[in-house]
Amino acid sequence: MQTSHPAIRLLAGERGTQVFLALLLTVGVAAPIMHLAFPEGSALHLSSYTMTLMGKYMTYALLAIAVDLVWGYCGILSLGHAAFFALGGYAMGMYLMRQIGTRGVYGDPVLPDFMVFLNWQELPWFWHGFDMFWFAALMVIVVPGLLALAFGWLAFRSRVTGVYLSIITQALTYALMLAFFRNDMGFGGNNGLTDFKDILGANINAPGTRVALFVASAVALGLGYLACRYITLSRAGRVVQAIRDAESRTRFIGYRVESYKLWVFAFSAVLAGIAGALYVPQVGIINPSEFQPINSIEIVIWVAVGGRGTLYGAVAGAVLVNYAKTYFTATIPELWLYALGTLFVIVTLFLPKGVVGLADKFTSREPAARAVTA
Amino acid sequence: MTNISCTLFAVPGASPGPLFLARRALGWLALLLVVGMLARPAAAAESTSFEQALGHLATANFKQKERAVGELLDARHANTRAVLNALLEGTLYYRKDDRRVFIAAAQDASLRLLDPLTMSDAGTAEASDYTKITTNNQLRKTLKSALASFDLADPDANVRLAAVNELMRSLDADSVSILRARQSSEKNDAVRTAISTGLAIADLDSADAAVRLAAVEQLEGSLNPEAFNRLSALVTKADDGSYAEPDENVRNAARAALNEIDNWRSFYRTLETLFFGLSLGSVLVLAAIGLAITFGVMGVINMAHGELMMLGAYTTYVIQLLMPQHIGASVLVAIPVAFLVAGGVGVLIERGIMRFLYGRPLETLLATFGVSLVLQQIVRDIFTANNRPVETPAWMAGSLQINEAFSITYNRLYVVLFMLIVFAILQLVLKKTSLGLKVRAVAQNRAMAKSMGVRTEWVDALTFGLGSGIAGVAGVALSQLTNVGPNLGQSYIIDSFMVVVFGGVGNLWGTLIGGMSLGVVNQALEPYAGAVLAKILVLIALILFIQRRPRGLFPQKGRAAEN
Amino acid sequence: MRKTNPGGLKQLAAAIALMSAMAAQAADTIKVGVLHSLSGTMAISETTLKDTVLMLIDEQNKKGGVMGKKLEAVVVDPASNWPLFAEKAEQLLVKDKVSVVFGCWTSVSRKSVLPVFEKNNGLLFYPVQYEGEESSKNVFYTGAAPNQQAIPAVDYLMNEVGVKRWVLAGTDYVYPRTTNKILEAYLKAKGVKDEDIMINYTPFGHSNWQRIVADIKKFGSAGKKTGVVSTINGDANVPFYKELGNQKISAEDIPVVAFSVGEEELSGIDTKPLVGHLAAWNYFMSVDTPANAEFIKKWRAFIKNNKRVTNDPMEAHVIGFNMWVKAVEKAKSTEVGKVIDAMVGIEVPNLSGGTAKMLPNHHLTKPVLIGEVRADGQFDTVWQTEGLVPGDAWSDYLPGSKDIEADWVKLKCGNYNTKTMKCSGQNYE
Amino acid sequence: MNATTALRNGWQKVFGAGARSARPAPGDTSHGTILYLEDISVSFDGFKALNALTLYIDAGELRCIIGPNGAGKTTMMDVITGKTRPDAGSAWFGQTTDLLTLSEPQIAEAGIGRKFQKPTVFEQHTVMENLELAVAGTKTIWTTLGSPLDRRQHERIEEVLETIRLQDRRSMRAGMLSHGQKQWLEIGMLLAQEPRLLLVDEPVAGMTPQEVERTAELLLSLAGKHSVMVVEHDMDFVRSIARRVTVLHEGHVLAEGTIDEVQNDPRVVEVYLGE
């Protein structure tokens, strides 16, 4: 029944969601087992490379869901989500840097290496507290969230919409990139944060830790997915979609559109931050190029390729495009930009609903009804 | 000439430094000038020493070459100047087997030789049998200084002015006396002013306080940096509390002069900042104005706009390859060609992709982003990933020297002018032609325009082509300022969007004023905040500005603009 | 409404299976990984290095390979994306199981792959001049350390040109920052005063140099000979030199010595404004030695372009590659541990004269050359060090690192602190 | 307005927190008038869309507004609903609610509902969902996120569905409805909001004669309980429902009265025939 509480309908009604959650569960359980239980050389062994790769894809998928929530559901095309992702990543990176302790190349117990060689005498104020995991974890949520709230408050209040909003989100991430590139900022400049050793006391490169990070990513992805699904199923979700389709109409029936947009935007930013925080320990580096405007565009493209407006579409897009990138950069490095570029053009031209839309087309039960609206 | 005052000027530890040699050249020349005898002494003894000195040039050792130059000057041979000139220009060679020196012009793999002793034709020879006599910075400086003393008597006032300036780079007793000798006979005002400034600087060392005072007064208002340095030195207190200038009156006069110079310098620095800002703004406007058309008029977000500029820049490169003998004209030829190339690609993009996406601006963004990737890779495959060398024509190099504290570089000046011309032409096209009328009609009300018989498809294609073509033209300008490589476009795309949004979408004047003001603000901030922080501040200001005025400086008004 | 499984995941599973199958075959060749960006911003510099390695492999195979086995290149494209470097490195080491990797250009890419090489015990040859302050067991640094490029260049300017006032201009990243820190300390140790040093940082790809060049001009007009030490990176150089030329600052007045401008970069720009400016390298294409002439000939034949230039990082790869071949033959194995042990002490001839020797700190001995840019984009060598300069991983001019030493033979440590007698972090055995 | 007030107002506008406590009391109509528009002027780019417009609507009244194109009808509605801020003049809802200080959602909450000229329903949502979105109740994000509709709201929706006769289309996506049905759905959404004052812009455009007839019936049945302001071009329709008609011309009121009075007014005739 349509009006039952959204929590009850989380798993019902949408095949894509069911398939996705089943797959996530399978991979989340099977991959660690295949990695740890089977010896190298066994046909069932999963290499650490593949597992890290899959873990990375999961964080990308979470990021894609975050973007899908604001773009696919709320109609805010953010070209700045890479910034939230990177901020989450930096918060985690700062924790990991503090964990190095005296094992840095200069052996300074407090200062990270890059500060030692820039002759910094003491830790800048914003680095304090990051030696504690709980604080860093809090910052992963708070920093992107607050930035999104502040930025969104300014932008939505003055009704900056559509293309204008996209462009100033891009300006936001661009400004952050320039700022983080500056060595004087105290975030390691171009080299960023790297050479991590431990996370929560465990060696970050140990197979067990890798598995734990992988599982954490899977869990975060699953929970993030369910949270977004809950939102989209709730009445608030319908309001959000109403804003996407007819913003001023929604306003005239009494909704504070700005407030809805703001909270969705902030929530999405937090999800992106969490994705970034899980991404960093798995790839081992965070650097300002994560803020590149081009990265934000790429995320949007994952969502477009997968199919915006469906959460599992965003996941599919993130995995598909990134897998294509991994695959093509290894097999046909000279041609991968052609492949990628053409893919974007084709998807926008012919698959406005992405690949999941294409899949729907072949399996939909009511093709006639769809044709009417087309 | 004696060298008593040498210690005042000599560079310690640089013997036989360039100044020393220059002095020798000058000394000899001063003699010639003072006697007023520019005839050519051709005694046999001079020929011999000249020939020996020439032989000493055939070496790899720069110090030895510098000595040889001194010997050449001492030889006072009629052909000394020609040889030094050839050495400076890299047309002096020696034969590998007997180390004989020739002036030579390269013709493919062979050399056309000229005997420096007689200045007569010595036939042609295989280039591989000869070695070019190379120079380094110090040697070139020496040569230029030496040649300048020859040029003081040149009939062309500009050459004389350049020679005076060259001599002032290394002022000493000898050059002072040459300048003094020249001062009386010099007719040209600019040259005479330059000479008196130089002499006044020299007079600051006079033992007579009255002469020093007169020199200080002469230097009042002079923007010559050397004058400023010397005056500052006069009033700087040494550690023991004494001054370099013992006379109180001279010191006061120097302070007054410095004060005035300072005022002028800061005035010119402000002018300079303004010009820097305007030129940066012009680049921004050029990059953005095509976008203002495709984005503002058509509502298309063209992420491949930067790549269209890149195509324009590469077009310039190709044109230069096709006409290597006419680099000066190549840039002018490139402008219309780049317009057609980029415009043509633009029309292809419009016909192939854009026309399916009207009314879905955000999706045009994604599709054109794909196009930009493809265009970049095509360029990489054709021209490799490396940057391509685009030459700057001679008429665009260098700067317009307004005075010694303020000069305007030609390439920036031309970019400003070029931008204004492009802007004016665009305004004309949009306001005065039937295409412009149709473009504006379609922009304001597509359905209405269509119903009135405007072929909107055709107008769309041409509008997009126009915007893209202007991007190509901007690329030609950029090729003169920055790298021509596959990544050229990416560095400008965000800035361009900012300019358009800041100025107000759909308003070309907004783009012009927006771009110019962003440029000026950026340059005004740069001395205080540094290049990066200035840019960040500008971006933040822009974000805040858009919150206050979501539709830019000059918003399109009316109900139609609401949606 | 019924919806289907997104196709991507299935495809992923299938492709992963395919890739594992591919990795299993071809055991009778020795795999050589090439980890250079072929797209993105760094493709400009790195593509050439990829081709260099391919040529070296080709040559070696014509000579019968190494220990009777053919070499097989595994080329990947990390696309100038630093996390992708780490991913690709892991792929090369774990999936493709290469014996050695030649790769990276930027410091950040090296930093990004470093943990991967250390974790999987890989072997990386890094061919670019860099900031030092690092010595990993798994990396051999075949480019110059700061004392093999920056310090000799400053010596030249100070002693031969008589420069008294210094502008240290760089792009804001770790290499210029470190180099300038070292140079600042060095200059001060030589008695240069604070007011005679101007330090300036600009972002990557900076293109509007008007203000900075005007400031340099002003700084240089204070009556003392002024020189610029430029650690400006890649793309920002062209507009920088153009602006210098246009503001009429000639190399005779204010010479600029650059550490990142080589033949490859010059081939992409109009060299007129640069003529007379300086560069410090360990190799110039114009160096007249038989080995170099042969290398240039081979390179041009391989790349099928008679105008292609060679440069310093290419020579570094040549040296690194030859050393690796010698070390494998010496160790009679491609096993990384054995090759690393065999590497130290290996000597191969430089293309620019002299012999490169691998030192216990995994750096090389190199000659240092100062060249003036010619109009044809080549360099005239105007000065060179008397003998070879051994690379120093840890600068003696930085307070943090002057007590640190790297020695992988005796100390088995990349950052041994001679004061505390401890080996920390970086690389555990 | 000083900075802190501005900040607080902005904050309230976005977060709604303070706005809940300062929620405007619904228009006090003790004087019998629900809408006061006095001396309202709006100009776009020098063009005066409204020129010192003064207009009063009584509680429970059904008022028709007619006028040629560009007379300022839609702009007037924009002013009432907060979309456009006038350059001058005042607009009060009842005696106590100053419309010019409220945002669109606050005005909607105060009890003014609007139907647009072009039917704007949420096409991606079902009929049912459209009504759910519109139905009166707390509309803050925390409520909509956490709790489903209550029984009263469900009943209200059922009522409306019946009124607009779309019960059997409740699960159909609104985008698939016919034009007339969309118009009705929008009217239904208006009803679900339970406003005190309904602004209805061209309700019968594109409707079949039967639908027009039913719409007229519906609007007539609303009058009394609600106040209704109808903008319409269709003179037959106006005649069938109107008790009082206001003629707008060039941004101000040209004439007001019964339909017959207005039609015989020479100024009105001139405006309509003179063009």
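Start by selecting Tyr94 of chain B: B:Tyr94 stands opposite B:Val101 in β2(B). Bear in mind as you click around that this is a predicted model. Now widen the selection to the two strands, β1 (residues 92-95) and β2 (residues 101-107) of chain B; they run antiparallel and are joined by three bridges.

**The chain B sheet**

Show the neighbouring strands as well. β1(B) and β2(B) belong to an open sheet of five strands with antiparallel pairing, in the order β4-β3-β2-β1-β5. Colour β4 (120-126) and β5 (130-132) of chain B next: these stand at the edges, and each has a single partner strand, so one side of each is left without a neighbour in the sheet. If you look across the sheet, neighbouring strands are turned by 40° against each other on average, direction ignored.

**Two helices in chain B**

Stay in chain B and select helix α13 (residues 305-322) together with helix α15 (residues 361-383). Their axes are 9 Å apart and the helices pack at an angle of about 20°. That angle is under 35 degrees, which means α13(B) counts as roughly parallel to α15(B). The crossing of α13(B) past α15(B) is left-handed.

- from α13(B): B:Gly306, B:Glu307, B:Met310 and B:Tyr314
- from α15(B): B:Ser372, B:Leu375, B:Gln376, B:Val379 and B:Phe383

By class, this contact of α13(B) with α15(B) has five nonpolar, three polar and one charged residues.

**The chain C sheet**

Move to chain C and select Tyr126. Which residue is the bridge partner of C:Tyr126 in β5(C)? Look for C:Tyr141. The strands here are β4 (residues 124-126) of chain C and β5(C), which run parallel and are joined by three bridges.

Zoom out to the whole sheet: an open one of five strands, ordered β2-β1-β3-β4-β5 in chain C, with parallel pairing. β2 (70-76) and β5 (139-141) of chain C are its edge strands, each pairing on one side only.

**Where chains A and C meet**

Bring chain A into view. Of the five pairs of chains that touch, chains A and C have the most contacts between them. Select the contact and you will pick up 58 residues from chain A and 51 residues from chain C. On the chain A side, the helices that each supply at least two residues are α1 (15-36), α2 (48-73), α4 (113-117), α6 (162-181), α12 (311-331), α13 (336-350) and α14 (354-363). Pick out α12(A), which gives the most to this side, with eight residues. Colouring the chain A side by class shows 27 nonpolar, 23 polar and eight charged residues.

**Where chains D and A meet**

Last stop: chain D. Its contact with chain A takes 32 residues from chain D and 32 residues from chain A. On the chain D side, α1 (3-15), α4 (104-110), α5 (127-134) and α6 (141-146) each supply at least two residues. The largest share comes from α5(D), with five residues. By class, the chain D side has 14 nonpolar, nine polar and nine charged residues.

Before you leave, display chains C and D together. Chain C and chain D do not touch, and their nearest C-alpha atoms are 13 Å apart.

Conventions
Residues numbered from 1 in each chain as written. Chains lettered and ligands numbered in written order. Predicted model: local features only at pLDDT ≥ 70, side-chain atom pairs only at ≥ 80, totals over all residues. Contact = placed C-beta atoms within 7 Å. Helix = DSSP H or I, 4+ residues; strand = E, 2+ residues; numbered from the N terminus. Nonpolar A, V, L, I, M, F, W, Y, C, P; charged D, E, K, R; others polar. Pairing = 2+ DSSP bridges. Axes fitted to C-alpha atoms, helices over the stretch in contact; angles between N-to-C directions. Parallel < 35°, antiparallel > 145°, perpendicular 65-115°, else oblique. Left-handed = near helix turned anticlockwise from the far one by under 90°.
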